[in-house]
Amino acid sequence: MSLSRRDFARVSGLTAAGLLLPAGVAAASPSLQGFGKDPWWEVPLILARICPPRFRRKDYDVTAYGAKGDGLTKNTEAFHRAITACHRAGGGRVVVPAGTFLTGGIRLLSNVELHVREGATVKFSTDPEDYLPLVLTRWEGTLCYNYQPFIYAFEQKNIAITGKGTIDGDAPSGKWASWGAGSTALLRQWGEDGVPVEQRVMGPGKNMRPNMIQFFRCKNLLVEDVLIKNPAMWSLHFVFSRNITVRRIEIYSTNSQGDGVDLDSSSYAHVHDSKFNTNDDCVVIKCGRDADGRRVGIPSTHIVVERCKFSGRWGGITVGSEMSGGVRKVFCRDCEINAPDFPGRYPIKHALYIKTNQDRGGVIDGVHLRNVFGQNVEREILYVSMYYQNGGTKGFFPQINNVTVDRMRINGGRTAATFRGFPQSHIKNVLISNSTFTGITQPNLIENTDNLVFRNTTINGVVPA
C-alpha cells in the first residue's frame, strides 16, 4: 500500500486530534497532592474501556490459498490472498494450520484475525527484499520510511493475532544482527532538523532493522497466546494506536534492540498474564524521540500491566528513553522479576527503569507499581534517571512527577533506589511504601529529587533515612 501525497501529509503532520486518541487524553494527570489520593482508583475505569475485538465466525485456511507448510515454500502471496479474501468478505479468521510456513512480510487488514494454531509456525524470510516496498514507520521514536515490519497493519481496526502457535522472525539466521546501528545517526539528524517525513527514506543500503510486528495508527487490537521469537528488533510495537489487549503471550528475543512490547504514543492498553525473556526491555512505554517526538506530541497514557513475568537484559517495566511526547497514567501490578520457574537468558537489571535526558523534553507524570516481587536484580531495582546516555546536551529538560511503588518485595540487587534529576528539573513526588528490599549491596543514590518518601519500607532490614 502506497500513500498519496494528500494521505502522507495527513499522517506525517500528526496531531493528537487525528490519532484516534480519546478526548482529554493529552491533559496532564492530576497531582498526587502529597500522596493523599490513591491513584489506583482509576484502574477499573481504564480496564472498562479496553475491549478486545470480536470476529465473524468464518475461517480462511491459508492452505486453501496455496500455502504450503513445508518450511521451504515462500508463502507471501498465499497469506496476502487469504487475508484479502477474509477482509473483503467482511472479516473472519485466517487460519495457519500445523506446519512451518515460510513467508515474507504480512500485511493485516481490518476485521481479520490471524490465527496460528498449535503446532504451526509462521517463519519469516531472512531476505530484506521480502520486506519491500518501504512503509511509513516509527523507528526508535523517529518517523521515516523503512522496510516493512514482518507483520504490519496501517490505519486498520479490529485486528488480532491469536493461537498457540509460533511466530518466528528467524533473525539470527539472516543479515539483521550484522546491521547493528545502521544509518541511525542520519535518521536522528533528519528528525532533529525537521526534514519532511516523505524525504526520510531508509531501506536498501541504510541497514535499519525492521520491527517484528507493528500496528501503526490502528485501533481495537488483540494479540493472544502466541509465542513470538527471534525478532530483528522490537517484537511487538504499537504506534499511535488505541484499545490494545495483549494477553497470555510469550516473547523470546535474541538480537540487540530486542524489546518485548513497546507502547508508543498509544493509549488504553492492557498487557497481562504474559512472559518476557528479552534481549532488552520487557514492557516499554514510549512516545517519540527528541525534536521529532516533540513535534508530534502524542503521549502514551492509560496503560495497565499485570500478572506478567519479566526476565531480560534491561528493564521489567520501562518508560523511555523515547518519551518526548509525554507518558501518563501507567500502572503495573502483580508481576514477577526473574521468576525461578521462568529463567531468562539474562537477569533483569532494573525492575522499574525510567530513562530520559535533556535531548528529550516531555513529561512523565504518574507511573505506579504495586505488588511487584522477585529476586536477583542485577543493578538498581528502582532506576529513575534523567542522565540516560550522559544526560544529553540540548537543554530540553524533561519532567518526572508522581512515581509510586507499593508492596514491592525484591531479594537481591545492587541498589534499592536511584533517582537522579537535573538541577534544572527535579524529580518530584516519589512514594515507596510497604516494601522490602533485601540482599542490597550499595546505598541509595538520590539527586535533585523533591518529596521522596519511604513509608513502612526497609532495605536490608533498616528503615531508609
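**Sheets, a helix and a cavity in a predicted model**

Setting aside neighbours up to four places away in sequence, Q389 makes contact (heavy atoms within 4.5 Å) with R289, N357 and R360. This is a predicted model, so local features need pLDDT of at least 70 and side-chain atom pairs count only at pLDDT 80 or more, while totals for chains, interfaces and linings use all residues. Residues are numbered from 1 along each chain as its sequence is written, and side-chain values use heavy atoms, with hydrogens and water left out.

Q389 sits in the loop between β31 (380–385) and β32 (399–406); strands here are DSSP runs of E, at least two residues long, and helices are runs of H or I, at least four, all numbered from the N terminus. With a relative accessible area of 48%, Q389 counts as partly exposed, a class that lies between buried (under 20%) and exposed (over 50%), using a 1.4 Å probe and protein chains only. Q358 is 31 residues away from Q389 along the chain, yet their C-alpha atoms are 10 Å apart.

As for β31 itself, this strand pairs with β28 (residues 350–355) in the parallel sense over four bridges; pairing needs at least two DSSP bridges between the strands. K355 stands opposite S385 of β31. Both strands belong to an open sheet of eleven, with parallel pairing, in the order β5-β10-β13-β16-β19-β22-β25-β28-β31-β34-β37. At its edges are β5 (106–107) and β37 (445–447), each pairing on one side only.

Parallel pairing also turns up around β33 (residues 409–413). Three bridges link β33 to β30 (residues 373–375), with F373 partnered by R409. Another four bridges tie β33 to β36 (residues 436–440), again in parallel, and here N411 has T438 as its bridge partner.

Strand β7 (residues 120–124) holds T121. T121 is buried, at a relative accessible area of 18%. Leaving out residues up to four places away in sequence, T121 touches G99, T100, F101, T166 and D168.

On to the helix: α5 (residues 184–193) has T184, L187, R188, W190 and G191 buried. Seen down the axis of α5, these buried residues fall within an arc of 160°, so they line one face of the helix; the arc is taken from the directions between the helix axis and the C-beta atoms. They pack against β8 (135–139), β9 (142–146) and α6 (290–296). The face of α5 turned away from the buried side carries A185 and D193, both exposed. After α5 comes G194, with a positive phi near 70°.

A cavity is a set of points on a 1 Å grid over the protein atoms alone where a 1.4 Å probe fits but cannot get out, and lining residues have an atom within 4 Å of a point. Points are joined across faces, edges and corners, and the volume is the space filled by probe spheres set on them. The second largest cavity holds about 30 Å³ and is lined by T137, R138, W139, N146, Y147, P149, P210, N211 and Q214. Strand β8 supplies the largest share of that lining, three residues. By type, the lining has four nonpolar, four polar and one charged residue, where Ala, Val, Leu, Ile, Met, Phe, Trp, Tyr, Cys and Pro count as nonpolar, Asp, Glu, Lys and Arg as charged, and the others, Gly among them, as polar.

Methods:
On a 1 Å grid over the protein atoms alone, a cavity is a set of points where a 1.4 Å probe fits but cannot get out, and a pocket is an open set with protein on both sides within 12 Å along at least five of seven lines; lining residues have an atom within 4 Å of a point.
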